[in-house]
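Have the viewer open as you read.

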Amino acid sequence: MFSLWLGAYNQGLAYAGLALGVYLTLRVLNFADITVDGSFALGGGMAAVLITNNINPAVALIAAVLSGALAGCVTALIHTRLGVNDLFAGILTSTGLYSITLRLMDRSNIPLIGLDFGLDSDADWALALSLVVLGLIALLALLLATDLGLALRALGNNPTMARANGVSGAKGLTIGIALANGLVALAGGLVAFYQGFADVTMGLGSLILGLGAVIVGESICRPRTIPMALAAVVLGSILFRLMIAIALQLGLEPVDLKLVTALLLLGALTLGRLRLPGLADGGRRL
Amino acid sequence: MSLHIEGLAWGHSQPGGGWRQLFKDFNLECPTAQFLVVIGSNGSGKSTLLNLVAGTLPAQAGSLKLGERSLQKLSDYRRARWIGRVMQNPLDGTAPGLSIAENLRLAESRRHSPFRLQSLLGIHPNQADLRRYQELLESLGLPLADRVNTPIGQLSGGQRQTISLVMATLAEPQLLLLDEHTAALDPKAEALVMQLTERLVRRLGTTTLMVTHSLEQALNHGDRLLMLHEGQVVGDWSGADKAALSVASLRELYGSAKVQLSDV
């Protein structure tokens with residue numbers, strides 16, 4: 001039982017960047033960004049390709065972050081410069097990214113079994129992932145408390161007011177979406193390392209997983225401050241993983257996993273709507 | 001700073017087809033520190049004029065200058081560094097999810113782009129910011145000093161509009177644009193906001209353009225009164241001429257300009 005908990009904890013932390021990225025776009029910027037489906041796999045693929053070419057894991061992860069940020073920039077530019085609706089801009093980028101990731105990986109799956117990360121047990125992974133994610137929360141909390149963070153939050157909260165106060169919507173969205181997809185690609189890399197392979201389809205449904213984490217975390221913690229909200233989102237990521245682990249433990253077939261994930265999220269959304277008016281209808285509290 | 005508008009042109013296509021040229025060769029000189037009130041019926045071009053100056057609408061021709069600075073090539077968010085704006089809807093001027101202090105900080109730091117490296121160097125609003133904002137709100141007689149950490153969304157429309165007004169003047173703008181900023185308020189809140197407007201404009205000596213539908217406001221505030229009709233100046237009063245005006249005489253002018261009085 002303990003190994004189930006620890007496994008879910010590690011997976012939740014590995015996916016935490018995805019949840020934080022979705023929080024950043026959806027809650028802070030008020031931008032529904034589907035790029036994450038593509039940038040998650042891109043991050044996983046990039047990290048896997050580099051590490052199998054004997055590149056240092058940390059460098060591989062940084063490269064993954066940069067590739068994700070670049071993907072985010074593309075979506076932001078399609079949306080802000082070419083005027084394409086946010087959902088379509090994300091779908092365009094993530095569709096294109098599928099081919100790019102496949103080209104990069106050169107095959108649909110790269111196994112990472114046998115690679116030595118210096119982490120021998122799940123407990124070692126738990127420690128390493130905890131440190132990474134705590135660092136991420138601290139960095140993001142600090143960033144969102146600067147003038148830049150304030151501008152991004154204002155932009156998501158009231159774009160008219162933000163512009164009237166000197167904030168360029170195009171620049172703000174580009175920085176925010178790039179940052180979010182960098183986080184998502186980092187999660188892709190960490191997940192590939194932890195599960196021992198990267199797959200070109202690993203990003204499928206990422207947005208829903210991230211959204212699930214955000215909603216579960218917010219429903220349970222009802223955070224009032226930004227650092228609390230970031231921590232809640234990470235907690236949500238862990239709990240969401242745990243729910244899935246328990247479902248698998250209870251005999252759920254992996255084939256049905258996506259369906260059950262969607263149903264879990266539907267439940268969480270409805271629960272959120274019941275407990276937090278305004279959440280399910282796009283209402284904003286931070 | 002003085003505002004110079006020369007040869008301004010702007011028109012729009014109409015729903016039923018065709019083109020309506022609202023402004024053609026429109027000129028306006030507004031000297032430094034002048035408080036100019038603009039009236040006119042719906043469709044006369046009052047709000048359009050403010051939007052053209054603010055940059056939220058693109059002028060099709062002409063030159064717009066604030067002092068020696070040319071505005072027409074700058075987008076709205078760039079112009080916002082020197083131009084403060086309060087809009088009609090109290091919901092437009094503030095970010096409801098951010099606290100009073102956070103809204104004020106955003107307004108205060110507008111002289112510089114938030115997307116430069118220096119913006120990452122400090123945490124804001126910090127304790128010193130909070131103290132400064134509390135003192136400011138107290139000095140303006142606003143009972144919000146102890147609520148600087150309250151989300152704006154929890155305030156009433158009148159309170160939100162007072163914060164919008166404080167925000168618009170916080171970075172000491174060279175031009176202040178007020179677009180029917182009391183139209184959505186009840187009479188009590190309207191009186192308070194106008195009192196605050198008068199105090200801020202006089203304290204800072206900011207050149208001000210105020211659009212209003214209230215003839216009482218037009219008579220009681222400002223150094224100069226402008227009446228617009230179909231994108232043209234049909235009345236321009238200041239000093240003794242303005243003091244000699246009455247609500248009745250203004251109503252008569254609205255009538256002679258063949259406009260409907262329903263919105264006066």
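## A guided tour

Start in chain B, where strand E1 (residues 3-13) runs antiparallel to E2(B), joined by 8 bridges. Helices (H or I, at least four residues) and strands (E, at least two) are DSSP runs numbered from the N terminus, and two strands pair if DSSP finds at least two bridges between them. Within this pair, B:His12 sits opposite B:Arg20 of E2(B).

Before going further, some ground rules: this is a predicted model, in which local features need pLDDT of at least 70, side-chain atom pairs count only at pLDDT 80 or more, and totals for chains, interfaces and linings use all residues. Residues are numbered from 1 along each chain as its sequence is written, while chains are lettered from A and ligands numbered from 1 in the order in which they are written.

Back to the strands. E1 and E2 belong to an open sheet of 4 strands in chain B, ordered E2-E1-E4-E5 with antiparallel pairing. Strand E2 (19-30) and strand E5 (69-70) of chain B are at the edges with a single partner strand each, so one side of each has no neighbour in the sheet.

Chain B has another open sheet, this one of 6 strands in the order E6-E7-E8-E3-E9-E10, with mixed pairing. Here the edges are strand E6 (83-86) and strand E10 (232-238) of chain B; each has a single partner strand, so one side of each is left without a neighbour in the sheet. On average, neighbouring strands are turned by 15° against each other, direction ignored (axes are lines fitted to C-alpha atoms, for helices over the stretch in contact, and angles run from 0 to 180 degrees between N-to-C directions). Inside the sheet, strand E7 (residues 175-179) and strand E8 (residues 207-211) of chain B pair in the parallel sense over 5 bridges, and B:Leu175 has B:Thr207 as its bridge partner in E8(B). Helix H6 (residues 157-170) of chain B lies across E6 and E7 of chain B, at about 170° to E6(B).

Most residues other than glycine have a negative phi, and most peptide bonds are trans. The bond from B:His124 to B:Pro125, though, is cis, with omega near -10°, and B:Pro125 is in the loop between helix H4 (100-108) and helix H5 (127-139) of chain B. B:Glu180, not a glycine, has a positive phi of about 45°; this residue is in the loop between E7 and helix H7 (187-204) of chain B.

Now for the meeting of the chains: 23 residues of chain A are in contact with 25 residues of chain B, contact meaning that C-beta atoms, placed from the backbone, lie within 7 Å. On the chain A side, H7(A) gives the most, with 7 residues.

In pLDDT, the predictor's confidence in each residue from 0 to 100, chain A averages 91, with 94% of the residues scoring at least 70. Chain B averages 92, with 97% of the residues at 70 or above. Watch residues 276-286 of chain A, where pLDDT stays under 50, and residues 259-264 of chain B, where the pLDDT is below 50.

Key:
Two residues are in contact if their C-beta atoms, placed from the backbone, lie within 7 Å.
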